[in-house]
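Please read the following account with the sequence and the model side by side.

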Amino acid sequence: MKTIRILALHLAYGGVEKAICSMANLFVQRYPVEIISVYDMPNAPAYPLDERVKVRYLLKDRPNQKEWHAALRARKPIAFLRESVHAVKVLAEKKMAIQRTIRSIHDGILITTRHEDNLVLSLLGDPKVWKIAQVHEDHCFNLRYLDGFRHGYSGLDVVVMLTPGLAEEVRQWIPAKAKTRVVSIPNFLEHFPEPFSLEEKEKRIVAVGRMSWEKGFDRLIDCFAMTREKHPDWSLHIVGDGPELEKLEQKTADLGLKDAVVFTGRLSPAGVEEEMKRASLYAMTSVSEGFPFVLLEALSCGLPCVAFDVRVGPAAVIRPGVDGILVPDGDREAFAARLMELMEDEPRRLEMAREAMLHARDYSREKVAGIWDTVLEP
């Protein structure tokens, strides 16, 4: 039986990492599965893994972004230089480890999950290996991506995109003479909450993600601030951590929202689910998204979602007016207005919550497994 190997950057918290763990749990029902993780991060794997899934780590060293940023903020030139040298060393080791690993595999199925690794797999992958590439990252498709699709993907057997629209775009860029097949396979949910009462939800908005600029939490705080005069009894809970946390906490204080906005820090998957089950609305103000796992989780917890309609992501999940609302990207006043519409209309919220829970079932493991079956074998 063919072994499926999945190449991951790491297995700490993150949407890509959750997708990788979910894929491994799905595939191990029928195949031997190994996850090859470049970095061995603390508390990884962050998501449940079937005990039959093997995990192998390539490097003992880890990225030092946190230390590098700390040295930069502290204006300590010696520490900054030391951390910069270390960062370059780690990146070089990562590149060499990935190339060495891909060259070393001569059978089975190999799945890569990052654009840079897809290019290496296409170039260096053994012809006897069934080569599957995924693109989970930012989907703005700048020139770097387009050049890669045009010149660097022809050695792949299958390219998996997260939405039909993205798959069609990539098909247009990969040369027609290439044998590469492009398909669309969404993320899926392995777990659905136990039954709970929608009527017991609190007047709370929740958002989950890494505290980094692309998640747009500064935009969310501005939007929530606009609702406070009419709805002082509602709160906002933001789940996660990251480099922007301190700045966001200061922004909250400057706007006089300290008592209304709760930064929970990073929570376990069970903790995130509990936050979602208690909330009444989910808000997504990301600048960029792929196929957001967190929206699937929000739907499964009966959360109508209000989201900025960025190029990719929310529109692939939300059914406008049925289980959520899409707002023109960047229009903070409109976003606040849509939030208030749902804050003020409990019957509509409850109907959308029920629709959301039904819609989430479209992304069950069983439904998505059938699509994967069509690409795992030549």
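Leaving aside its neighbours within four places in sequence, which residues is Thr3 in contact with? With contact meaning heavy atoms within 4.5 Å, Thr3 is in contact with Pro32, Gly108 and Ile109 once those neighbours are set aside. The model is a predicted one, in which local features need pLDDT of at least 70 and side-chain atom pairs count only at pLDDT 80 or more, while totals for chains, interfaces and linings use all residues. Residues are numbered from 1 along each chain as its sequence is written, and side-chain values use heavy atoms, with hydrogens and water left out.

Thr3 belongs to the segment before strand 1 (4-8). Helices (H or I, at least four residues) and strands (E, at least two) are DSSP runs, numbered from the N terminus. Thr3 and Arg30 are separated by 27 residues in sequence, and their C-alpha atoms are 9.8 Å apart in space. For accessibility, buried means under 20% relative accessible area, exposed over 50%, and partly exposed in between, with a 1.4 Å probe and protein chains only. Thr3 is partly exposed because its relative accessible area is 22%.

An open sheet is formed by 7 strands in the order 3-2-1-4-5-6-7, with parallel pairing. Its edge strands are strand 3 (54-59) and strand 7 (181-184), each of which pairs on one side only. Direction ignored, neighbouring strands of this sheet are turned by 20° against each other on average. Two strands pair if DSSP finds at least two bridges between them. Strand 2 (residues 33-39) is joined to strand 3 by 5 bridges, and the two run parallel. Ile35 stands opposite Val55 in strand 3.

Strand 4 (residues 109-112) and strand 5 run parallel and are joined by 4 bridges, with Thr112 opposite Ala133 in strand 5. How many residues of strand 5 (residues 130-134) are buried? The count is 5 of its 5 residues. In a regular strand the side chains alternate between the two faces of the sheet. Strand 5 is covered on both faces, with Trp130, Ile132 and Gln134 buried on one side and Lys131 and Ala133 buried on the other.

A helix lies against the other end of the strand order. Helix 6 (residues 164-173) lies across strand 6 (158-161) and strand 7, and runs at about 165° to strand 7. For such angles, axes are lines fitted to C-alpha atoms, for helices over the stretch in contact, and angles run from 0 to 180 degrees between N-to-C directions.

Helix 12 can be taken next. This helix has 12 residues and reaches 16 Å from its first C-alpha to its last, close to the 16 Å expected at 1.5 Å a residue. The expected span is 1.5 Å times one less than the number of residues. Buried residues in helix 12 are Ala334, Phe335, Ala336, Leu339, Met340, Leu342 and Met343. Their cover includes strand 8 (204-208), helix 7, strand 11 (281-284), strand 12 (305-309), strand 13 (324-328) and helix 13 (346-360).

Asp222 forms one with Arg332, and the closest N and O atoms are 2.4 Å apart. This pair links distant parts of the chain, with Asp222 in helix 7 (residues 217-225) and Arg332 in helix 12 (residues 332-343), 110 residues apart. Asp222 counts as buried because its relative accessibility is 17%, whereas Arg332 is partly exposed at 25%.

The structure holds 32 salt bridges. Among them is the one between Lys128 and Asp126, whose closest N and O atoms are 3.3 Å apart. Lys128 counts as exposed at 61% relative accessibility, and Asp126 as buried at 11%. A network of salt bridges links Arg5, Glu34, Arg56 and Asp107.

Cys223 is buried with a relative accessible area of 0%, and Cys301 is buried with 2%.

Note on methods:
A salt bridge is a side-chain nitrogen of Lys or Arg within 4 Å of a carboxyl oxygen of Asp or Glu.
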